[in-house]
Protein chains: 2
Amino acid sequence: MKKSLIEFERGLYKPKLPETLRFGVELQKRETVEVADEIKDIFPHTSGLPVVRFLRGEEKKYEPINVGVILSGGQAPGGHNVIAGLFDGLNHFNSRCRLYGFIGGPSGLIDHQYIEISFDQVDECRNTGGFDMIGSGRTKLETEEQFEKGREICEKLGIKALVIIGGDDSNTNACVLAEYYKRKGYNIQVVGCPKTIDGDLKNEYIETSFGFDTACKVYSELIGNVQRDAISAKKYWHFVRLMGRSASHITLECALQTQPNVAIISEEVSAKKMSLNDIVDVIVDSVVKRAEGGQNFGTVIVPEGLIEFVPEMKKLIKELNDALVSDSEEYSKLRTDDDKRYYVMQSLSRESRDFYVTLPNKIAKQLALDRDPHGNVQVSKIETEELLIELCTQKLKRMAEEGTFKGKFSALSHFFGYEGRCSYPTNFDSNYCYTLGFTSAALIMEGMTGYMVSIKHLTAPSDQWIAGGVPFTSMMTLEKRKGVVKPVIRKTLVDLDDEPFSFFEAHRAEWADATNTYLYPGPIQYYGPTELCDATTITLQLEHPYHHS
Amino acid sequence: MKKSLIEFERGLYKPKLPETLRFGVELQKRETVEVADEIKDIFPHTSGLPVVRFLRGEEKKYEPINVGVILSGGQAPGGHNVIAGLFDGLNHFNSRCRLYGFIGGPSGLIDHQYIEISFDQVDECRNTGGFDMIGSGRTKLETEEQFEKGREICEKLGIKALVIIGGDDSNTNACVLAEYYKRKGYNIQVVGCPKTIDGDLKNEYIETSFGFDTACKVYSELIGNVQRDAISAKKYWHFVRLMGRSASHITLECALQTQPNVAIISEEVSAKKMSLNDIVDVIVDSVVKRAEGGQNFGTVIVPEGLIEFVPEMKKLIKELNDALVSDSEEYSKLRTDDDKRYYVMQSLSRESRDFYVTLPNKIAKQLALDRDPHGNVQVSKIETEELLIELCTQKLKRMAEEGTFKGKFSALSHFFGYEGRCSYPTNFDSNYCYTLGFTSAALIMEGMTGYMVSIKHLTAPSDQWIAGGVPFTSMMTLEKRKGVVKPVIRKTLVDLDDEPFSFFEAHRAEWADATNTYLYPGPIQYYGPTELCDATTITLQLEHPYHHS
């Protein structure tokens, strides 16, 4: 098949492994993390395990083993390299190992859709983006029936270990699966790898999830380009919505990389109970200040999940969902849009109604009329950046009439999302993913199950990275989901006390004013100076500063 | 000021000049192009001039000269390098030369807004994107009054030459200015440089305009990423609208770089008088074929100007504009949207009315209701990709009901535009722009006026490029604009008989079917292998193949 030049060139790149993994390995057991009794009760076989790391050791002889690998959930740059690292790792330990890929995500395990992964296939995909080698899917592995279907195919193929590459949910399920197989005595190990561009799968043991680095750099390139356009044309405010439904790590990282005039962080909105009006004020303040300095242009970046963090909007959406789900038949008989909106408004609390009427027409309509098949408001389809533009325009118009705003305000909107999920991985993600895969192989060879791969010291040069594993259960907390308390691997939101947000907080006033402090990060580079090509995110550098020894 | 790492690193890059410009130069006069009598009549002083090129020559002594530079129109990557090349070129020929930058485009010349450009300023901006060094603007230099204001400031600053960096319109005006100054005996030379990401300023002498290379590579990176997402997730058709109002060079080049399932070229639509329905059929054909092969995903790319090339839409828009401009008072009294639409429909011809009623609601509304201050339909705001999604969805739904379509169709839309205009220029554009600027300096030193810089053999290594100039008048044709016949520099649309389109035509059936032939060009690289980092567009390579000697 014809390849682009870069695909060919990237195929030649050899991802770097930590020094400790290059020859023989020795598994070192370290601390055991205390977990809640409820978690111990649910996971008797996979809690109480020690955190482990690999040291350089003697070359040992391992038995050959057949392994299955699954990509779960949304794409993230570097997925193919996890598979490549796993494949090469298995081969490194015993060249008679076999690797099976389940097709289309977890459903491949249940429906017995698989391929045996060949060296050529791996070679085709080294350092490429996308999950197209075996595909991914959103089926959740949750029921014993599914687990049993999985066992069947594993037994048939002689698979003794599964590697599940996914986010917090998929790894939570991987833990349940590990526990189940161990309890049943099936002798199928389960190991997970932390994947998500959102960057919210991180904790004491997992410094970052893969894909976050690349996605943020793709978005930052684009934001930088748009900023340079803004400062050149001097006539538009660009409002950019970025991926990130639950957590704002992407928006925060992109803000650090590009220094836009305004960045809104959902976690702050939630913590400070900011209203939509408060958010608009933050933006309008910058517009006014910059206009006074003659700069009638700027950039605003927001996470796509933002409006769900605004308390009044959250309440409104909840009421709308409740109202329409219960009365959908009556509602469906209404003919005109206006009738429907009136009907919807009647069902709202006074507070929500007061808020609803302040919303721009288009959004009000969308909230009232566009429903998913379950009758719920399609929050993901609401264009937050358009909403903010509309509200800012209204407010600035009023201010202009009152004489408190003398500038111009013209805005354009952007959504950067799909562009970042399947980019060629950065050198960092290429190396990180390859190491994740290779370490999975090592954990499997050492007989571990119920572990997530943990690579530490990621801001150090990659040969100094520390590879190991952490029991899933060590990262679990109890959370109420849909009314039921469940143990889950915690989603880590932006912590307002942590370095990345503090840095942002300390600088944002300076970015918001009329002095232009934009940064233009440019396209991801693979071949230039190492500080340009190999460094990871600012978030990670602030969280885990590397001290040159 | 704080810089991103890449901005710092790119600042160190030394753009490459053709061999012939590195030392002394000798101006060689070549053929004189025959032009129409009407053009000779309008431009007696700037027609009949020879095409020129520079050979390597003796180092000569030139008098120092003050020069003014103007950026005109929309941003294109590399503008700063034209200025850097001009600055360095002037210094190369005589270090006592001075360079003034007019602020905010042509209006800076008229309103006497300028800065003297310093070495530090040039150094700040080497190989960066954007036009923010001196800004750009869309004021047209057309009237003698403006020309006289320009003369005033030139005389005040001792400026003997102006370099105007712009597209076809700006260079046409530059020619008028050159003619005027020469006729008046003002002793102010005028030289132009070909700028536009649209790639439509090209002809026998101008192989490409600067910025086209970079912009297409930025868009192709994004299209490639989205394609990789499509083939990984296997559930969406991505419809991408790309910049390019009048010409489809960008869409065609991006198609060659990424091999999407469908690319629509406006010039073909116009030549074949394709209806909106015909275009929908092209897309639907691919959707059906791919669905039959189990591929319920794909990519469609279209130029933003597309609908203006569809004959029936062109007619409708004209009628809408005519109707509303003449009756705007009566119209403005109408209260409801429906009244307005009904009113609008009454004014249409039967043909246009029949077409109008087939349009999706949202677009029909937009056409009827959204007007610019002159009462015209805001064609640029019509989201062609959304229109096509809507029409394809309707058609596929009908086909599903009839049993002729058994697949799934779910679509997402994108617009890639502002992201590409201010990217860091590629190595090609960095070198090309620097050479354009440097050659302007050489032309000025040789006393030339009424010339556009012409760099040829652009697909050869840059040291072999041939630098020279071509009289503006040699590129002129007579065109009727707003009822008046005017001499203009021709805008070159996609030629359906030329290599780039022929290549596309020969391959598109293969790209449209169920075999996935996507290419993923990845981010622009600056530091890797030369074939990856320095090669220019496929368009240019097909139009001007380089034969290794």
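Which residue does A:Arg98 form a salt bridge with, and how far apart are the closest N and O atoms?

Reply: The partner of A:Arg98 is A:Glu116, and the closest N and O atoms of this salt bridge are 3.7 Å apart. A:Arg98 belongs to strand β4 (residues 98-102) of chain A and A:Glu116 to strand β5 (residues 114-116) of chain A, so their pairing ties together parts 18 residues apart in sequence. A salt bridge here means a side-chain nitrogen of Lys or Arg within 4 Å of a carboxyl oxygen of Asp or Glu. Strands are DSSP runs of E with at least two residues, helices are runs of H or I with at least four, and both are numbered from the N terminus.

Before going on, some ground rules. This is a predicted model, where local features need pLDDT of at least 70 and side-chain atom pairs count only at pLDDT 80 or more, while totals for chains, interfaces and linings use all residues. Residues are numbered from 1 along each chain as its sequence is written, chains are lettered from A and ligands numbered from 1 in the order they are written, and side-chain values use heavy atoms, with hydrogens and water left out.

(Buried means under 20% relative accessible area, exposed over 50%, and partly exposed in between, using a 1.4 Å probe and protein chains only.)

A:Asp123 pairs with A:Arg126, with the closest N and O atoms 2.6 Å apart. Here A:Asp123 is partly exposed at 34%, whereas A:Arg126 is buried at 10%. Over in chain B, the side chains of B:Arg241 and B:Glu385 meet at 2.7 Å, N to O. That pair links distant parts of the chain: B:Arg241 is in strand β8 (residues 237-242) and B:Glu385 in helix α17 (residues 384-402), 144 residues apart. Both B:Arg241 and B:Glu385 are buried. Salt bridges can also join up into a network, as B:Glu268, B:Lys272, B:Glu505 and B:Arg508 do.

Some of these bridges cross between the chains: the rule finds six across the interface of chain A and chain B. For example, A:Arg228 and B:Glu7 form a salt bridge at 3.7 Å, N to O. At this interface, 57 residues of chain A are in contact with 57 residues of chain B; contact means heavy atoms within 4.5 Å. About 4,600 Å² is buried between the two chains, with carbon and sulfur atoms giving 57% of that area. (Buried area is the accessible area, with a 1.4 Å probe, that two parts lose on being put together, summed over both.)

Charges can also meet rings. A:Arg10 lies over the face of A:Tyr13, 4.4 Å from the ring centre, and the charged end of B:Arg290 sits over the ring of B:Phe297, 4.9 Å from its centre. To count, NZ of Lys or CZ of Arg must be within 6 Å of the ring centre and within 35 degrees of the ring normal. B:Arg290 is also one of the buried residues of helix α11 of chain B. The 17 residues of α11 (residues 276-292) should span 24 Å at 1.5 Å a residue, and the end C-alpha atoms are 24 Å apart, which agrees. (The expected span is 1.5 Å times one less than the number of residues.) After α11 of chain B comes B:Gly294, whose phi is positive, near 80 degrees.

B:Phe147 and B:Tyr180 are another tilted pair, at 5.2 Å and 55 degrees. B:Phe147 lies in helix α6 (residues 144-157) of chain B and B:Tyr180 in helix α7 (residues 168-183), so this pair ties together parts 33 residues apart in sequence. Both B:Phe147 and B:Tyr180 are buried. (Rings of Phe, Tyr and Trp, taking the six-membered ring of Trp, pair if their centres lie within 6.5 Å; planes under 30 degrees apart are stacked, over 60 edge-to-face, and the rest tilted.)
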